[in-house]
Amino acid sequence: MKKLTLMLAGLGIAASAVPMTAAMAAPHPAPAYQAWQSINGRQANLEARINQGVRSGQLSRSEAARLRAEFNSLTRLEAQYRRSRPGLTLAERRDLDRRFDALSARIRYQKHDRERRW
């Protein structure tokens with residue numbers, strides 16, 4: 001009985017020594033979704049990367065023209081999606097994100113393929 005009392009007293013002291021806040025008590029769940037960057041933000045970022053590649057010489061004029069044509073095609077597709085109904089549906093947003101990711105990968109590849117403008 002004495003051992004049980006001493007053990008409970010020790011646990012009580014240990015529990016009171018480390019105050020537990022609500023943030024520590026609740027587990028941190030992983031977000032169920034990924035926060036999306038705005039479409040306009042992505043477009044501005046991609047366009048800036050193409051322009052920077054041309055200025056630095058990492059992209060030739062023909063590479064930049066192809067990338068800009070694809071970029072403009074995506075811009076027209078987004079406008080078409082927005083005209084069809086107010087806003088973008090989840091499927092349309094996912095489709096645009098997938099296409100923007102592919103364009104971003106092509107920009108990265110073209111900028112680092114060691115073909116120089118001069």
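The legends below describe close-up views of a predicted model of one protein chain.

View 1. Among the contacts between residues at least 6 apart in sequence, 72% join residues that are at least 24 apart.

**View 2. Helix H4 and the residues it buries.** Helix H4 covers residues 61–84, and its 24 residues should span 34 Å at 1.5 Å a residue, which agrees with the 35 Å that separates its end C-alpha atoms. The buried residues of H4 are Glu-63, Ala-64, Leu-67, Phe-71, Leu-74, Leu-77, Glu-78 and Tyr-81, and what covers them includes helix H3 (39–56) and H5.

**View 3. Glu-63, a buried residue without a salt bridge.** Glu-63 lies in helix H4 and is buried, yet this residue has no salt bridge, since the nearest side chain of opposite charge, that of Arg-66, is 5.0 Å away, whereas a salt bridge requires the nitrogen and the carboxyl oxygen to be within 4 Å. A polar atom of the Glu-63 side chain does, however, lie 2.9 Å from the backbone nitrogen of Ser-60.

**View 4. Helix H5 and the residues it buries.** Helix H5 has 22 residues and reaches 31 Å from its first C-alpha to its last, which is close to the 32 Å expected at 1.5 Å a residue. The buried residues of H5 include Leu-96, Phe-100, Leu-103 and Ile-107, and among them are also the charged residues Glu-92, Arg-93, Asp-95, Asp-97 and Lys-111. What covers the buried residues of this helix includes H3 and H4.

**View 5. Arg-42 links helix H3 to helix H5.** The structure holds eight salt bridges, and in one of them the side chains of Arg-42 and Asp-101 meet at 2.5 Å, N to O. This pair links distant parts of the chain, with Arg-42 in helix H3 and Asp-101 in helix H5, 59 residues apart. Arg-42 counts as buried because its relative accessibility is 14%, whereas Asp-101, at 43%, counts as partly exposed. The side chain of Arg-42 is also joined to that of Asp-97 by a polar contact of 3.0 Å.

View 6. Asp-97 lies in helix H5 (residues 90–111) and forms a salt bridge with Arg-93, the closest N and O atoms being 3.3 Å apart. Because Arg-93 and Asp-97 are four residues apart in helix H5, about one helical turn separates them. Salt bridges that share partners join Arg-42, Arg-93, Asp-97 and Asp-101 into one network.

Methods
Residues numbered from 1 in each chain as written. Predicted model: local features only at pLDDT ≥ 70, side-chain atom pairs only at ≥ 80, totals over all residues. Heavy atoms only, no water. Contact = heavy atoms within 4.5 Å. Helix = DSSP H or I, 4+ residues; strand = E, 2+ residues; numbered from the N terminus. Polar contact = N/O pair within 3.5 Å; in protein donor to acceptor, adjacent residues only side chain to side chain. Expected span 1.5 Å × (residues − 1). Buried < 20%, exposed > 50% of the residue type's maximum accessible area, 1.4 Å probe, protein only.
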